[in-house]
Amino acid sequence: MNCTVSNTPTTLPTTYQVILTVNYLLGIFGNLLALSFLCPRKSKPYNAKHRLMLRCLASNDLAAGLGMMTLMYMKLYLPPEIHTNIWFCRVKVSWRIFGLGSGCVAIVMAVERCLALTKPFFYQKHVTVKHIKFCIFGLWAIVVFLVSLPLFGFGLYWGPCNTCKRYKEAELPKDIAYAYLYFSFGMLLTVSMVIANLSVVRTLCFKGDAQGRGGNPLVRRVSRNASLTYNAATKEELAFGKLMILLSVMFILCWVPQLVSLPLVQFRRHAKLTKDILKCTDLLLALHFTIDPYIYVLQRWPEIRKFFAKSKFWSHRSLKSSSASIKTTNAEIVSQPV
């Protein structure tokens, strides 16, 4: 193959570069702010499991945002000899770990919430900080293995003429197989998260309807260190159901276009429309790392929430109720209508 090494620096449209840069900076700021709230032991949320998951999510997204912005500017402003080096490409490929890593934390959070609301007794007995750590780090280990496969020959990452290739541009059978393996894993995370969130929303809506129609009071027993012990919906939980809908929609909007672009690249790789769609999917994926801290973390603190107090979605009442922690004792009996 005839290869010509170009000494012309890589360029991006100014508008696209500005949008990406602002997005990365907002994400880095948000995740740093989130970690500053989460690091103190006595900070909210007081539930150790929730604090662990939020720390993992914020740390992962911070690393993803910093890495993506650094690699982008290295490619734009450093000599071509650097960003056309195979080691630069290997680092770029390895950074996909944080892309899928965010989805891994998100699915653990979704399943944890699902079990807490739909299987509260099982949740209290079996779901511990240790188990959550095992799930998160176990999924991260799977992601590291999956992302590293191209570096060992299974999957495309380095093409002719010293070019770093996307796995979506695969042409050989084994490379195409890897691309669809990556696609399947991402879709599995997405579908699992959506199912878990819809289960939570359905439970809360069902209980909310029952509560609205009236009924016999339900005696609920609350034990120490238990955030929820019975499948009963309070006003706070119903408001949280709206949050779960928002999370599901945002996750779909940011992740699914990136995944479904694989078949498009395979069948229409040279079309101009395909290139434009890929830019949009990359922007949506970068947006996901920016939105995460503001949706999952920062809305929990009054100092941050006051900026959104006038929002129609986040009413003052729901924000106030969402910040209240559930006080527990060893033998506290709470009567609540269902």
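Colleague: How far apart do the end C-alpha atoms of residues 132–158 lie?

Modeller: The model is a predicted one. UniProt, in an unreviewed entry, lists residues 132–158 among its transmembrane regions. In the model this span is 63% helix and 4% strand. Its end C-alpha atoms are separated by 36 Å.

Colleague: What span should helix α7 have at 1.5 Å a residue?

Modeller: Helix α7 covers residues 129–148, which makes 20 residues. The expected span is 1.5 Å times one less than the number of residues.

Colleague: Which residues of α7 are buried?

Modeller: A residue counts as buried when its relative accessible area is under 20%. In α7 this applies to I132, I136, W140, V143, L146, V147 and S148.

Colleague: Is V22 buried or partly exposed?

Modeller: V22 is located in helix α1, residues 14–38. Together with V18 and L26, V22 forms a nonpolar surface patch of about 240 Å² accessible area. The relative accessibility of V22 is 44%, so V22 counts as partly exposed.

Colleague: What distance separates the C-alpha atoms of R55 and C39?

Modeller: R55 belongs to helix α2, residues 48–77, and is partly exposed at a relative accessible area of 29%. Along the chain, R55 and C39 are 16 residues apart. Their C-alpha atoms are separated by 7.8 Å.

Colleague: Which residues does I176 touch, leaving out those up to four places away in sequence?

Modeller: I176 is part of helix α8, residues 173–213. With 24% relative accessibility, I176 counts as partly exposed. The C-alpha atom of I176 is 9.5 Å from that of F154, a residue 22 positions away along the chain. With residues up to four places away left out, I176 touches A170, E171 and Q266.

Colleague: Which residue forms a salt bridge with R166?

Modeller: The count of salt bridges comes to two. In one of them the closest N and O atoms are 2.3 Å apart, and R166 takes part. The pair links distant parts of the chain, 116 residues apart: R166 lies in the loop between β2 (163–164) and α8, while the other residue lies in helix α10, residues 272–297. R166 is partly exposed at 28%, and its partner is D282.

Colleague: And how far apart are the closest N and O atoms in the salt bridge of D175 with K174?

Modeller: At 5% relative accessibility D175 counts as buried, whereas K174, at 41%, counts as partly exposed. The closest N and O atoms of the two residues are 3.3 Å apart.

Colleague: What share of the contacts with a separation of 6 or more comes from residues 24 or more positions apart?

Modeller: The chain contains twelve helices and four strands, and 44% of its 338 residues count as buried. Of the contacts with a separation of 6 or more, the share from residues 24 or more positions apart is 80%.

Definitions and conventions: Residues are numbered from 1 along each chain as its sequence is written. This is a predicted model: local features need pLDDT of at least 70, side-chain atom pairs count only at pLDDT 80 or more; totals for chains, interfaces and linings use all residues. Side-chain values use heavy atoms; hydrogens and water are left out. Helices (H or I, at least four residues) and strands (E, at least two) are DSSP runs, numbered from the N terminus. Buried means under 20% relative accessible area, exposed over 50%, partly exposed in between (1.4 Å probe, protein chains only). Contact means heavy atoms within 4.5 Å. UniProt positions are given in the numbering used here, feature names are shortened, and annotations may be inferred rather than shown by experiment. Patches are made of residues with over 30% relative accessible area and no salt bridge: like charges are joined within 9 Å, nonpolar side chains (Val, Leu, Ile, Met, Phe, Trp, Tyr) within 5 Å. Accessible areas come from the Shrake-Rupley method with a 1.4 Å probe; for residues, only the protein chains shown count as cover. A salt bridge is a side-chain nitrogen of Lys or Arg within 4 Å of a carboxyl oxygen of Asp or Glu.
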